[in-house]
Amino acid sequence: MNLLIVEDEADLREPLKYHLEKVNFKIFEAEDGEEALNIINNEKINLAILDIMMPNMDGITLLKQIRKNSFIPVIFLTSKMNDLDKIKAFENGADDYIIKPFNPSDLILRVNSNLRRYYDYTNTNNKSQNNILTLRDLKLDLTRCLCIKNGNEIYLKNKEFKILEMLMKSPSRVFTTKQIYENVWGDCYLNDSNPVMVQISRIREKIEEDPKNPQYLKTIRGLGYKME
């Protein structure tokens, strides 16, 4: 697997490269966003690790450019601890967010987890020949617009189905309320989370054994929702 590290400080980039090469990843390095885009356009990169604060092109702008053509996993590794920075990263398509200083073992686990989710779940499970998304005993038949759990059909209304489809296509990825609203309602989000919260509550009533203790549709406090 080819990993891209985008970090302008060499003394931070080199230890990161060292730990990842120890577990047999091939590492590409970039000092800023412009150099990173050039590498992505010319090499097969399987996952990118980005800093936010960089010269020429910051990490968020770089992520926006990456997402125009690619959905590879992107992990932010940054010293920026503000929740607004984290929300902005996820809103623009980040898959994970790690605060410096980092534990090398934890970083490697997160890298492997994101690679597994993307390449195993997205490319295999979620793009099956029957066009069926599967998460444990929950299935979503996109061709027939059916939700099935333990062999029993669950009736979902249009927006409920679209939200569940969006989340099941990228299990473990956090989607913000803004992303869900604009994708499902097709309208500009005006900072009113209630419509999404109502739909999430209705979905849980239908797919969860205990809606107050959900095992599938999880709330990530301060960020959004994900399927687990």
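Biologist: Which strand do four bridges join to β6, and how do the two run?

Modeller: This is a predicted model. Strands of a sheet pair through backbone hydrogen bonds, either parallel or antiparallel. Here one of the bridges pairs I132 with D141. Four bridges join β6 to residues 138-141, and the two strands run antiparallel; the partner is β7.

Biologist: In what order do the four strands of the open sheet lie, and which are the edge strands?

Modeller: The pairing is antiparallel and the order is β6-β7-β8-β9. From one strand to the next the twist averages 25°. Pairing on one side only marks the edge strands, which are β6 (132-135) and β9 (152-154).

Biologist: Which helix packs on the sheet, and what angle does its direction make with that of β7?

Modeller: The helix is α6, residues 158-168, and it touches β6, β7 and β8 (146-149). Its direction makes an angle with that of β7 of about 110°.

Biologist: Which residues of helix α7 are buried, and what covers them?

Modeller: Helix α7 spans residues 177-184, and T177, Q179, I180, Y181 and V184 are buried. An α-helix has 3.6 residues a turn, so residues three or four places apart point the same way. The cover over the buried residues of α7 includes α4 (83-91), α6, α8 (194-207) and β11 (224-227).

Biologist: Why is the pair of Y181 and W185 classed as it is?

Modeller: The ring centres of Y181 and W185 lie 4.9 Å apart, and their planes meet at 10°. Planes under 30 degrees apart count as stacked. Therefore the pair of Y181 and W185 is stacked.

Biologist: Which residue forms one aromatic cluster with Y181 and W185?

Modeller: Y181 is in helix α7. Y181 and W185 are themselves a stacked pair. The cluster takes in one further residue, Y189.

Biologist: What are the distance and the angle between the planes in the aromatic pair of F76 and Y97?

Modeller: The structure holds three aromatic pairs. This one links distant parts of the chain, with F76 in strand β4 (residues 74-78) and Y97 in strand β5 (residues 96-99), 21 residues apart. Both F76 and Y97 are buried. The pair is tilted, with 6.2 Å centre to centre and an angle between the planes of 45°.

Terms used:
Residues are numbered from 1 along each chain as its sequence is written. This is a predicted model: local features need pLDDT of at least 70, side-chain atom pairs count only at pLDDT 80 or more; totals for chains, interfaces and linings use all residues. Side-chain values use heavy atoms; hydrogens and water are left out. Two strands pair if DSSP finds at least two bridges between them. Axes are lines fitted to C-alpha atoms, for helices over the stretch in contact, and angles run from 0 to 180 degrees between N-to-C directions. Contact means heavy atoms within 4.5 Å. Buried means under 20% relative accessible area, exposed over 50%, partly exposed in between (1.4 Å probe, protein chains only). Rings of Phe, Tyr and Trp (its six-membered ring) pair if their centres lie within 6.5 Å; planes under 30 degrees apart count as stacked, over 60 as edge-to-face and the rest as tilted.
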